Amino acid sequence: MTKLVGLLLVLCSCKDIKDKTTIGISFETLQTEYWVASIDALKASCEEYDLVYLEAVANGDANRQFEQVNNFISRGVDGIVIAPKDAHTIIPIIKAANRAGIPIAIYNRLPAENPGEYVTVVADNYEISLNTVRHLGRLARKKGKKHKAMILIGDLGDMNAINRRNGFNDAVAEFSDIIEVVAEVPTEWNQEKALAGVTNALQANPDINFIFTCSDFLFPSIISALKNADKYHKIGHPDHVILGGFDGDAMAYRMLKEEYLDADGVQDVYFECESAVEALLDRINGKEVDELIVDPGFVIHQGNLEEKSASMWGSKY
Amino acid sequence: MNKTTQRILNNSTLVLFAIVLLTFSILSHHFFSFQNFFNILVQASSLAIIATGMTFVLLTAGIDLSVGSIMFLAGVISGKLVVAGFPLWMACTLVLVIGVLFGLINGAFIFKAKVIPFIVTLATFYVGRGLGLFISETRAVNLPESFLKIGSTKFFGVPAPIIVMTIVIIAGHLVLTKTIFGKHLYAVGHDEVKSRKAGIPVDGLLLKVYIICGFCAALGGLVAIAQLGAISPTFGLQSEFMAIAASVLGGTSLFGGRGSIFPGTLIGVLLIQSIQNGLVMVNADPYLYTVITGGVIFLIVLIDSIRHLQQKKLKRLGIN
Amino acid sequence: MLLELKQIQKSFGEVNVLKGVGFKLDKGELLGLVGENGAGKSTLMNILGGIFPPSSGEMRVNGKNYHPKSPNDALNEGISFIHQELNLFLNLSVAENLFISNYPRKKTMGFSFLNQKQARKKALELLSQVGLSVSPKSPVERLTAAQRQMLEIAKALSASPRIIIFDEPTTSLTRHEAQKLFQLIKKLKQEGIAMIYISHNLDDIMHLADRIAVLRDGELISSGERQNYTIPSMVKDMVGRDMDQFFPHRNTVPLKEFSLEVKNLGAGFIQNMSFSIRKQEILGFYGLVGAGRSEMARLIYGLDPMETGSIIWNGKEITSPNPVQWIKEGVAFLTENRQEEGLMTLQNLEKNIQLAALPSFTRRFNIIDYKEVKKKSKTQADATKTKYHSITDQLVSTLSGGNQQKVVLAKWLLIHPKLFILDEPTKGIDIGAKHEIYVLANSLVECGSSIMLISSEIEELLGLCDRILVVSEGQITKEFEKEEFDRSKILEAALHKAGKEEQKL
Amino acid sequence: MKSFFKGGYGKSSNILIYVCLIYYVLASLLAPGFFTMNNSWNILYNLLPLLVVAIGQTYVMITAGIDLSVTSIIAVCSIAGGYVMSSDTSIFSDPESIFFGILTMLLVGMVIGMVNGISVTKFGMPAFMVTLTTMMLFSGFAIWCTQSQNIYNLPEPFVNMSYSFFLGIPVPVFIGVFVLVLAYFLLNKTLFGEWIYAIGLNCEVAKISGVKVHRTLILVYMFSGFCAAVGAIFYTARLETGSPVMGQNILLDVIGAVVIGGTSLFGGKGKIIWTFFGALFMTLLDNSLNLIGLSFFLIMIVKGAVILAAAMLNTLKEKSLKTTA
């Protein structure tokens, strides 16, 4: 037994695997097109800088993500880009990376306050959703009548979901004379829950005519529910429900083009990914980097569709 | 124990169903409406189809934990195909074929390798979901409009899901009550050894049962997808538990040989769906749904077990 | 000749179960097949019924060679086998059970559906043939034991058999119900159906059989017309020696003090049972199966809750009896059902033997003194003369019936019982083991313990007991002191109540 | 050490030890980064919670039961402990809060176990159905209580537990070994253990032979709850979060570890040491496949297949045992 272990030790100590810089990419989920586009863009950026990358997807399990990052560390990666499950479960991951002395960049979700060392690249969720909903509000005012609003909120453990809801709430408050929020549907970033929630909210409040979703990937659920209630109509139709979304995915792009969607808050995926990889490289090479890189994003709507669609990532899928 | 309590115990699901309907009707004026009952039926259709298949398996004293994964895998593959431009009918057929295949695998392991159903289907549960996630790359598959159209089509004013559900339930009911296959099913569930002695082809029967369950799972999945318009990586999770719960609520015994699809399983399904729907209607905390559904199922199993205990006691003492 | 068996041999591995047995059966004839358990009756019938083939030998039906490969082959040749354990599905209805393998069908729209109308008609015919007046639709679980037995016969009749094999058909029937069965058997005989009737109840055999065959240890000891037999001669052929050598000599007499007193015990159909047992006494309980003897024992031991009455143990009242307490008090209970209630069949001998006595081998924190318990289990296994190769590596399921029963005995002897309740301790075990069990019981009493012996074998009770109580329909109907022991009076007392009911009907 | 192994040194565990060893060698050669200090710690830290929960499950399965509710017990314990300890709620001041937090978790685990046990014994409900419904009930309860929010800001010493040492041994290893030895001791040296096997082999015989069946079964389910609670302590400390969905995905690994170890679902058969190697194998499998770069869903497929294969082997072995007997 001891001999065997000894043999193993000899066998394995002479193993060395390293020539190129290796990056570990860990994603909490690939459930939505946004994450898919992100991981594709990250990989593209890595290739651009001639980096080797390892990827891992945790499918919504924080514990699994923790184990996957630990495996990255075991394999001796030089840097880690991670889209974390939520603001807090990232903290032990940051600690583990710091302990191993491996730089880590957090993608798209702001970690809760902690003493660790890391770079965060994040969209300005509050501002983007505030501006998007403001645009919707102006549309509502133009129509003149009173509006009953519904919002689909995300997983409240996720800072992004909270910021987007706050953006929505603050924007709606500016239009409190014509918009009344009658339904808040918790979706936990889950399409089935969203469908059930929207269907039932429409059953309880048949006069809802203003819907904002905190993520575009919930649109199929919304459309399905609206169709069942016979409320899905193009812009200009008297029964059109004002629709707004967030992310800028392909579905949203199509809906914009087909004139169903009024406005969409877009995160600049390419900017975010590029910045994350660059920041990580700088860290690996020992350079100082800003701790927080903010993606300002933009609002796309029927008015600026032509001009902005090129920079909307969803238009490319 | 007097007669009325005994009778209530014997029909606990029906009593509870009545209580649920009454409570929600009082609490919300939206609940007790024709439109809403239609809603409940449409929402229940997928679960009812899956639970029908599950009832077949439970009647043979087996269990199929893999139905949720079958739904998911079949959905993902067909979704991918449709998105890639394959015709709709082909995708739908393929879904059903996959369901049958999975049932075949389950059944083969159970009757050939003699591994107990719980372990076999637990393994295929993970294999199926893993394959589905592999094919979908854990991404959500958004389906084209044409798929959604099936879900909202109406024949003579009746939505397609309800029609599919009705056909499946009637077919299942007929098979169970009017064919020799159905009778053999009950016999095998009661006692496998005796069934073999009586010359019943037990192995072939078990295989068929798991195939039926796989087929129903795939069909139920299809009905759900046609309403959702997208398949997320969590699609079908816990469906197997809901299906088992619905069957058990409807009076099907986990020990086999006892139960019915109509009215049994159908009532179980409607009870679960009414609770879910009613909770929305009264605007209950959405996180409370699982707690209440779980509580109701626990209650029914409890009542059933107490009744069982009493009967056993009476029987042993020679009263009956 | 309808059926002819010649030189049938069967061996399982190295064990010869049948050593060249043969007999003949004619139309309308009833052959009574008797023998101790393990004599080879069931094996012989299983060969005839197509459950397994003989190792060698010849079978002829109507002069044609007969080699059944499955029960279905036997059925096709007109041989129906009614097993002791009925092959009924309690969750199905009467009609469904009757036609489980051959239901009448009809075609509708290309599908094959059950033809319930025809099934009902056929079912009613069959049921009336056996004199059973239940609806074809009623579920079998609602039927009484006798009705189920009749249903099983109806099922056998549905294949219009020429030969019916009955394996212990009366074990679960009351006397009255058994009489009805006998009437049916006689009727079938008149219709020309031949029958083979296996039973331990020699009275029934004498009553029904035209010819009798006695098996012992796989050999045909004797066969011939019924007139040539008496019950004692049959017993002698079965056992191979006279009864009086078979039981150990009792040297002790019961003491004055009571060990257990039961007063007005009742629950379910058990009513008002009162009796007491003295120290150093063997108290016998005789009664037909289903008379309430085992139920009484279960009530006393606290396995089922008692509704009325009191139990006094050594002068102290036991208010809510349960096995844990009884074991502490030194009361053991060997149940009737060895496989289901006596043994962990998939466990080794040692663990089985030590189970009940374990609490007395615990030290601090319930830690078990394994050294001690291993030693004691081994001693006990040897004391009961259990045959085994390894006490730790051999599963109990690999032992023969007799040795299994000895393991159960060893388990209970390990708690040093002051009272031992034995419920059918010799059921289904060979003669040698039986004898050893009797000797054990005797020596236990000689050491000062008492025994409650429940048995369906009168001989056993007569040979061992100091006193016999007769149980019938949930009540103690008669008590016999040793000097009053009389085979026929005891049997009569056991039938007495049932007989009264019969007159009422 | 030797005597510790002796009790569980059955034939099937023999094979499993070799399988684990061979697999370890293969993985060291093939999986990059497998044979490193860091990864050895990873394997250990991934093994511990799984092992502890699987030990509880082994107890239940030996009694011919099953406990599907372990995942929800982990979730409820995680949020209950998190609630007590978190500085957001500040129920207790810092040093005590850890003590009370851990106490709460263990208590909650045992209480849920007791609910399972009582339902199974006193009401005669089938274990599968009981634990299935309590799983739904309690995981729903955990999500409802927290409104699907995680609980943060747990005390530093608690979250650093994984990296602290006691008598030169890492604290988690200390706890894990404690549970392992305790479970081994209870099962193999005490009356309680003998009774557990007896109940699994034949409940009726056990009852007649003076086994306190109800009490033993309730204790078994409570022990399973206790083990799940210890698992919850590991997970909660390591993620620094009390989460209502904690442990959701480990049911396969738990049942897999026990079944691969050769514990029979029909009861009466199973050993702690088998489960140890079962859990070790599951962990090695998971870790090495991860390092090779397989995605979790492919690992899921492999695990499912491995469990099926193990179950088939067990069935074959039992069959051959029966035919030779």
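Here is a chat about the chains, contacts and sheets of this predicted model.

Me: Which two chains have the most contacts between them?
Reply: Start with who touches whom: five pairs of chains do. Chain A and chain C aren't among them, since no contact joins those two. Among the pairs that touch, the most contacts are between chains B and D.

Me: How far apart are the closest C-alpha atoms of chain A and chain C?
Reply: For a contact, the C-beta atoms have to lie within 7 Å. No contact joins chain A and chain C. Their closest C-alpha atoms lie 29 Å apart.

Me: Which helix gives the largest share of the side of chain B that touches chain D?
Reply: On this interface, 38 residues of chain B are in contact with 33 residues of chain D. Helix 6, helix 12 and helix 14 of chain B each supply at least two residues of chain B's side. The largest share is 14 residues, and it comes from helix 14 of chain B.

Me: And how many charged residues are on that side of chain B?
Reply: Let's sort the side that touches chain D by class. It has 26 nonpolar residues and nine polar ones. The charged residues there number three.

Me: What about the side of chain B that touches chain C: how many charged residues does it have?
Reply: Here 19 residues of chain B are in contact with 20 residues of chain C. Helix 9 and helix 10 of chain B give two or more residues each to that side, and helix 9 has the largest share with five residues. By class, the side has seven nonpolar and five polar residues, and the number of charged ones is seven.

Me: Which residues of chain A have pLDDT under 50 throughout?
Reply: Chain A averages a pLDDT of 87, and 94% of its residues score at least 70. One stretch stays under 50, and for it the model has five contacts beyond four places in sequence. The stretch to watch is residues 10-17 of chain A.

Me: What percentage of chain A counts as buried?
Reply: Chain A has eleven helices and twelve strands, and its C-alpha atoms fill a box of roughly 80 × 40 × 35 Å. To count as buried, a residue needs 20 or more other C-beta atoms within 10 Å of its own. Of the 317 residues of chain A, the buried share is 58%.

Me: Which are the edge strands of the six-stranded open sheet in chain C?
Reply: The strand order in this mixed sheet is 6-9-10-3-11-12. An edge strand pairs on one side only. That gives strand 6 and strand 12 of chain C.

Me: Which residue is the bridge partner of C:Arg211 in strand 12 of chain C?
Reply: Strand 11 and strand 12 of chain C pair in the antiparallel sense over six bridges. Helix 8 of chain C packs on the sheet and touches both of them, plus strand 3. In strand 12, the partner of C:Arg211 is C:Glu225.

Me: Which residue in the hairpin turn between strand 4 and strand 5 of chain C has a positive phi?
Reply: Strand 4 and strand 5 of chain C pair in the antiparallel sense over two bridges, with C:Arg60 standing opposite C:Asn65. Two residues lie between the strands of this hairpin. The one in the turn with a positive phi, about 55°, is C:Asn62.

Conventions
Residues numbered from 1 in each chain as written. Chains lettered and ligands numbered in written order. Predicted model: local features only at pLDDT ≥ 70, side-chain atom pairs only at ≥ 80, totals over all residues. Helix = DSSP H or I, 4+ residues; strand = E, 2+ residues; numbered from the N terminus. Nonpolar A, V, L, I, M, F, W, Y, C, P; charged D, E, K, R; others polar. Buried ≥ 20, exposed ≤ 12 C-beta atoms within 10 Å, placed from the backbone. pLDDT = per-residue confidence, 0-100. Pairing = 2+ DSSP bridges. Axes fitted to C-alpha atoms, helices over the stretch in contact; angles between N-to-C directions.
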